[in-house]
Amino acid sequence: MPDTPHTLDRAGTRLDGAVTAVAAAAAAGGVRDLHADWLKAAAIVGVVCIHAGLPFHDMFRFGVPVFVGLWAFYLEKALSRRRPETHARFLVQRMVELAVPYLAWTLLYIEKFYASRWSATPLHTIVGGWFGGYGWSGQYYFVILFQLTLLFPLLRRCVAQVPTLPVIVAGVALNVLAGFWLLDHRWIGAVGDRLFIYWIPYVVLGIALARGQFRRTPGLVMVAVLLLLAAPFETESSSEHSAYLASTVTIASLLLLVAAVAADRAAPARQSPRLLARGIAFIGRNTFAIFVGNVAMLEVLKSTGFTASAVARAGQSGLLAVVAATLAGCLCIGWLLKRLGQGILVGKP
């Protein structure tokens, strides 16, 4: 998930009795789980590839579902090491820390895209569109997290009291049903995939992973990749609906979470990772800056002629250079904002 503030509080994690002594020592020392960082890096690169318009970009739709699952994982870990009477205040704090970057980046993008259209735009479009998830690419992620944060205490109890796997299976079935039928209805279609209910499978799985209910299974990555390769063909058949509700995307995203995330957060290798692996992990640790800034960077690259030049020289493969430049630019934006004391705008207060 993008590094929202509640993903950053990792010291002193309480480990259950099933965790080995080595894993416990690693977690106590603040060692990050590189598997999770690598998954986050892959997810944010996928998000940028979608926004850059790469061919067959629906194969990258796992990005936001994975971020939602990781958001739930880290939030559950944070709550589990706090006293129950402090949970409400903690969730309010997290809501505020989400609201600040949401408002700041929304106002920035509204100024860029809609500044001349205020007087001619109906109020319901401004509220439900510009501020309701359709104002800029990725804004809906905040809208979804606002809903899920309010519901998180209820979802935690659900995981504690109800078998997890049937809930996840029911959620997958609902997504498929919505993608092929429910969204045809006027009011359901108007809300689209911004409604929290479509994202519950990832939240439930994230909480379950944080509680050690599933073991990390790296072999599932290959199954997930095969499903994602098929995703563009499935989404093409229902292009008027949300690609995030496709069965291939939904199942692949869940499998990637199980393949990469573990409750013990132990380091994945005995030796220090190679330079490339560290670079990928660095991207994974700074996904929030890329998530909120990639729309701006893509506009800059387009307006300066970089995008047109890259495509003219290399065809559609030139968009890979656009993606790389966008990632680099967003990392620089994140670094600059943190240096200026505005780290909350990129998820690090």
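**Side-chain contacts**

Analyst: In this predicted model, Arg61 lies over the face of Tyr244, at 5.2 Å from the ring centre.

User: Which residue forms a salt bridge with Arg61?

Analyst: Asp58 does, with the closest N and O atoms 2.8 Å apart, and both Asp58 and Arg61 are buried.

User: And how many salt bridges are there in the whole structure?

Analyst: A search of the whole structure finds six, including one between Asp33 and Arg216, where the closest N and O atoms are 2.7 Å apart. Asp33 lies in the loop between helix 1 and helix 2, and Arg216 in the loop between helix 9 and helix 10, so this pair ties together parts that are 183 residues apart in sequence.

User: Is Asp33 buried or exposed?

Analyst: Asp33 counts as buried because its relative accessibility is 4%, under the 20% limit, whereas Arg216, at 22%, counts as partly exposed.

User: What about Arg83 and Glu85, buried or exposed?

Analyst: Both are exposed, and their side chains meet in a salt bridge at 2.9 Å, N to O. Elsewhere, Glu76, Arg156 and Arg211 are linked in a network of salt bridges.

User: Switching to rings, how many aromatic pairs does the structure hold?

Analyst: It holds 19 aromatic pairs, among them Trp136 and Phe142, a tilted pair at 6.1 Å centre to centre with 55 degrees between the planes. The rings of Phe142 and Phe288 have their centres 5.9 Å apart and their planes at 90 degrees, so that pair is edge-to-face.

User: Where do Phe142 and Phe288 lie?

Analyst: Phe142 lies in helix 6 and Phe288 in helix 13, so the pair ties together parts that are 146 residues apart in sequence. Phe142 counts as buried at 1% relative accessibility, and Phe288 is buried too, with a relative accessible area of 1%.

Note on methods
Residues numbered from 1 in each chain as written. Predicted model: local features only at pLDDT ≥ 70, side-chain atom pairs only at ≥ 80, totals over all residues. Heavy atoms only, no water. Phe/Tyr/Trp six-rings, centres within 6.5 Å; stacked < 30°, edge-to-face > 60°. Buried < 20%, exposed > 50% of the residue type's maximum accessible area, 1.4 Å probe, protein only. Helix = DSSP H or I, 4+ residues; strand = E, 2+ residues; numbered from the N terminus. Lys NZ or Arg CZ within 6 Å of the ring centre and 35° of its normal. Salt bridge = Lys/Arg side-chain N within 4 Å of Asp/Glu carboxyl O.
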